[in-house]
Amino acid sequence: MKKSILIGALAVLMLVAFTACENSAPTAPLYGKDIQGVSVVSAPEYVVYDSELKTAIHEFKDDVLNPADVKLRVTYNDDSYDEYTGSELGMTSGKLVAGSNTRTVKIGPAEFNVVINAYEAESVVFNVSNATTKTVAVDDEVSLEGIKVEAIYDGSKTKTLAMPEDAELDFAVLSYFIDPETAQQTKSVTISAETFEKAKKNASAPDWFDLIEVEGSWTISVVEAQPVTITATISNPTEVFSRGTKSTIQGANLDFTITVAYSDDTPSETFKKSEASTKGWTVAFENWKENAALFSENQSTATLIVSVTKTGTALTDTYDLQLTATTDYPIAIKAGLDTAQGAKPKTFKADELIYSDDFKFEVTAWASNVTPSTLVTETNNPNILSKNDFSADPERIKLGQEDTGSGESYPINFTSAKYAKAKITSVDVQIVNNPTA
């Protein structure tokens with residue numbers, strides 16, 4: 001009895017703290033017991049940024065709600081309860097705003113509202129203690145590699161943020177910490193909490209200085225630009241296939257990561273081929289023209305000679321890029337009931353185990369963008385996949401699930417370890433707890 005009272009008290013507390021239902025919450029009868037409400041058991045602490053901060057410090061993106069990360073409790077009028085994820089109850093994902101965000105979940109025919117909270121970042125802290133850039137040539141960009149960034153929210157809570165890829169600081173910003181002419185004489189600039197406070201008082205300092213804080217100390221030596229040589233290495237090419245529109249016949253699809261190391265102490269640079277021009281580089285192939293075939297029916301490997309040149313300078317290098325055609329794989333799979341022609345589709349009932357044998361799984365999109373129907377022959381259809389590679393998630397129909405009415409259906413989701421990169425569509429089935437002959 002004491003346990004029952006405790007569970008009931010917890011349910012009431014959770015409802016008061018997290019549930020935003022109407023005063024008269026909707027109910028859904030479940031074999032003699034009603035649903036009293038739906039409450040949030042746990043959810044990540046989401047952080048969003050005001051428009052001024054996002055504009056000033058690019059690449060800072062609001063957290064996005066993932067229903068699978070939200071745990072919900074369904075409480076019944078007999079103090080019992082079940083727990084589900086937001087995705088299991090049909091909660092929608094998407095953007096959040098600071099404060100309360102109402103999301104609707106559905107159990108049978110009844111809908112309930114729950115509240116997901118999001119916090120607005122009050123400030124962003126840059127800890128520069130481990131910044132790797134130690135020297136910079138006049139008018140060069142200053143790499144922010146090694147700097148730790150944290151958002152401050154809800155008073156004193158912190159959340160570590162990913163630094164945007166290849167983040168850089170304009171050399172001109174250093175002038176707010178020390179006069180450029182003085183920098184040429186002292187050959188160094190120090191960015192710290194103390195010097196940043198002084199920089200804020202500079203009449204021409206940008207407004208976004210007020211939106212951030214600085215921790216630690218970072219000293220940068222300013223040097224004259226020196227003639228240097230470079231060494232380019234290339235890795236991580238995007239997947240290329242020997243078939244479909246993502247084959248190397250379409251050269252624009254071929255991307256890879258380029259790392260340039262300098263002969264002096266200039267920090268190395270890393271960028272994708274598709275970003276080369278915006279980073280001030282020219283990347284070209286010396287033995288292959290884009291849109292020409294790389295792979296043939298009997299050859300799945302190729303070597304490209306790639307030249308990498310700093311635009312407007314004599315800095316250049318070549319690299320042999322080894323390519324191997326990627327084995328094609330499904331990226332979209334359609335699941336459906338495997339019903340013999342003319343047979344009545346199978347129906348399910350509450351708490352019934354779901355077996356993949358009752359379903360069929362067909363590829364609707366391949367990574368190479370090859371058209372699935374073109375792969376079918378009289379004796380083989382590679383688009384039809386083995387049922388044993390799939391399993392329902394969850395593995396049974398929800399306990400107490402009501403019959404689906406007219407125009408309603410119950411979605412069943414499948415997962416596959418073998419086809420983890422593929423999006424598998426859910427299957428809409430009918431729930432009939434007491435089928436008639």
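## The loop at aspartate 154

Aspartate 154 sits in the loop between strand 12 and strand 13. Strands here are DSSP runs of E of at least two residues, numbered from the N terminus. The model is predicted: local features need pLDDT of at least 70, side-chain atom pairs count only at pLDDT 80 or more, and totals for chains, interfaces and linings use all residues. Residues are numbered from 1 along each chain as its sequence is written, and side-chain values use heavy atoms, with hydrogens and water left out.

Phi of aspartate 154 is positive, near 50°, in a residue other than glycine. The residue belongs to the hairpin of strand 12 and strand 13, which has three residues between the strands. Aspartate 154 is partly exposed, with a relative accessible area of 37%. The class covers the range between buried (under 20% relative accessible area) and exposed (over 50%), using a 1.4 Å probe and protein chains only.

Five bridges join strand 12 (residues 148-153) to strand 13 (residues 157-161). Two strands count as paired if DSSP finds at least two bridges between them. Valine 149 faces leucine 161 of strand 13.

## Sheet 1-4-5

Three strands form an open sheet in the order 1-4-5, with antiparallel pairing. Strand 1 (35-42) and strand 5 are the edge strands, and each pairs on one side only. The twist averages 25° from one strand to the next. Axes for such angles are lines fitted to C-alpha atoms, for helices over the stretch in contact, and angles run from 0 to 180 degrees between N-to-C directions.

Threonine 75 stands opposite tyrosine 81 in strand 5. Aspartate 79 lies in the loop between strand 4 (71-76) and strand 5. Its phi is positive, about 70°, although aspartate 79 is not a glycine. Aspartate 79 is partly exposed, at 30% relative accessibility.

## Sheet 21-22-23

A further open sheet of three strands has the order 21-22-23, again with antiparallel pairing. Strand 21 (281-285) and strand 23 (316-324) each have a single partner strand, so one side of each lacks a neighbour in the sheet. The twist averages 25° from one strand to the next.

Strand 21 and strand 22 (residues 301-310) run antiparallel and share five bridges. Alanine 284 has serine 307 of strand 22 as its bridge partner.

## The second largest pocket

The second largest pocket holds about 630 Å³ of space. A pocket is an open set of points on a 1 Å grid over the protein atoms alone, where a 1.4 Å probe fits, with protein on both sides within 12 Å along at least five of seven lines. Grid points are joined across faces, edges and corners, and the volume is the space filled by probe spheres set on the points.

The lining has 30 residues, and Glu88, Leu89, Lys398, Tyr410 and Pro411 lie nearest the pocket centre. A lining residue has an atom within 4 Å of a point. Strand 5 (81-85), strand 7 (99-107), strand 27 (410-412) and strand 28 (414-415) each give two or more residues. Strand 27 gives the largest share, three residues. By class, 12 lining residues are nonpolar, 10 polar and eight charged.

## A cis proline

The peptide bond from aspartate 393 to proline 394 is cis, with omega near 0°. Proline 394 lies in the loop between strand 26 (391-392) and strand 27.

Conventions:
Helices (H or I, at least four residues) and strands (E, at least two) are DSSP runs, numbered from the N terminus. Ala, Val, Leu, Ile, Met, Phe, Trp, Tyr, Cys and Pro count as nonpolar, Asp, Glu, Lys and Arg as charged, and the others, Gly among them, as polar.
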